[in-house]
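Student: I have a new structure to look at and would like to go through it with you. Could we begin once it is on the screen?
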Amino acid sequence: WGIKLNMSSSDSDRHDQMSEDDLKEGLIEGEDMSEEDEGEDEFAGYIDDENSEVEELEDDEDLPEGDANMPQEEDDDDFPEGDDDDFPEGDDDFPEGDDEEAAGEDLGEGDEENVQVTTNITKDRGAMNEMLAKEDLGIIHSRIQETIKILSNFKELRDPNKKRTEYMNDLKNDVVSAYDYNLEMVELFFSLFNPTEAIKCIEANEEGRPVTIRTNTLKTKRRDLAKTLIQRGINCEPIGEWSKVGLKIYDSQIPIGATPEYLAGHYILQSPSSFLPVMALCPQPNERVLDMAAAPGGKTTYIAQLMKNTGVLFANDLKAERLKALSANVLRLGIKN
């Protein structure tokens, strides 16, 4: 053990008389005896000298207990006894010896082949392959337009080695792939319309249907209603020239079904397609009309509107629970006949 000593002046003189050989042998360590240090009266260093009166501590038992400068081993008694859950014996997670060697012994060469990683790739692989197998929609739509162009001028644009039925079959298959229709539905469209009209009908079905309302001319005019709705922040315009009462709503800052005009019966939310049966019936004032499927009241109130609240209108429906909505719309729109 090297002990750090503060030596007196007499010891310093004795130290100066030591030879360089003793310094080389390491009897005095940790100090560089330069010329500048020879004139100092005191010095501090680590020495290990046979002539030193300090006894070497060879045994750990000679060390004083509780010395803060000496490292002490932790006692195993600090850990709770019998806690097998925290430190299980023989746990594979804590192999004895080198970790890599223990891990190599646990997993043999034959076991490496049996190791499988659980993922969701296999489960969804069928759907992924199906998506990747689908052709690009842009290419399909281009091919549909090209086929329609050929069928519209079949004699000049056709391929001599390809029949018209082959073109039609290719067109139907492309429509099925592009619009996700079943083949029976596509064949129905092509049996009702020519190829150009059938494609237009299918494309129209893909567009979102706008919100439309019908003006109740028994209480207001379409022009006045449109002006009022625009002032309330509702962007609307007439459906078309074929209807004098319909309005198309593009966007609105307030709910369409909660405006004062709606509650007062100035309009009703109604699809333009339901205008057509009433326009085809063309009811006249003072007539007797029977509506067999009246609920929720869109066509019934339109019939009464064209009859100008005259004559007699019978409104029936198969389901009694639907008559509540019918009665509410009849009262709100002011139907009296």
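Student: Is Asp170 buried or exposed, or partly exposed?
Tutor: Asp170 counts as partly exposed, at 32% relative accessibility. Buried means under 20% relative accessible area, exposed means over 50%, and partly exposed is in between (1.4 Å probe, protein chains only). This is a predicted model, in which local features need pLDDT of at least 70, side-chain atom pairs count only at pLDDT 80 or more, and totals for chains, interfaces and linings use all residues. Residues are numbered from 1 along each chain as its sequence is written, and side-chain values use heavy atoms, with hydrogens and water left out.

Student: Which side chain meets that of Asp170 in a salt bridge?
Tutor: That of Lys162, at 2.8 Å from N to O. A salt bridge here is a side-chain nitrogen of Lys or Arg within 4 Å of a carboxyl oxygen of Asp or Glu. Lys162 is partly exposed, with a relative accessible area of 22%.

Student: How many salt bridges are found in the whole structure?
Tutor: The search finds three. One of them joins the side chains of Asp174 and Arg143, at 3.1 Å from N to O. Asp174 lies in helix 9 (residues 164–179) and Arg143 in helix 7 (residues 137–152), so this pair ties together parts 31 residues apart in sequence. Helices (H or I, at least four residues) and strands (E, at least two) are DSSP runs, numbered from the N terminus.

Student: Are Asp174 and Arg143 buried or partly exposed?
Tutor: Asp174 is buried, at 9% relative accessibility, whereas Arg143 is partly exposed at 30%.

Student: What does Glu261 pair with?
Tutor: The side chain of Glu261 meets that of Arg232 in a salt bridge of 2.9 Å, N to O. Glu261 belongs to helix 13 (residues 260–263) and Arg232 to the loop between helix 12 (222–231) and strand 5 (234–238), so the pair ties together parts 29 residues apart in sequence. Glu261 is buried, at 9% relative accessibility, and Arg232 is partly exposed, with a relative accessible area of 34%.

Student: Which residue just after helix 15 takes a positive phi?
Tutor: Lys308 does, with a phi of about 60°.
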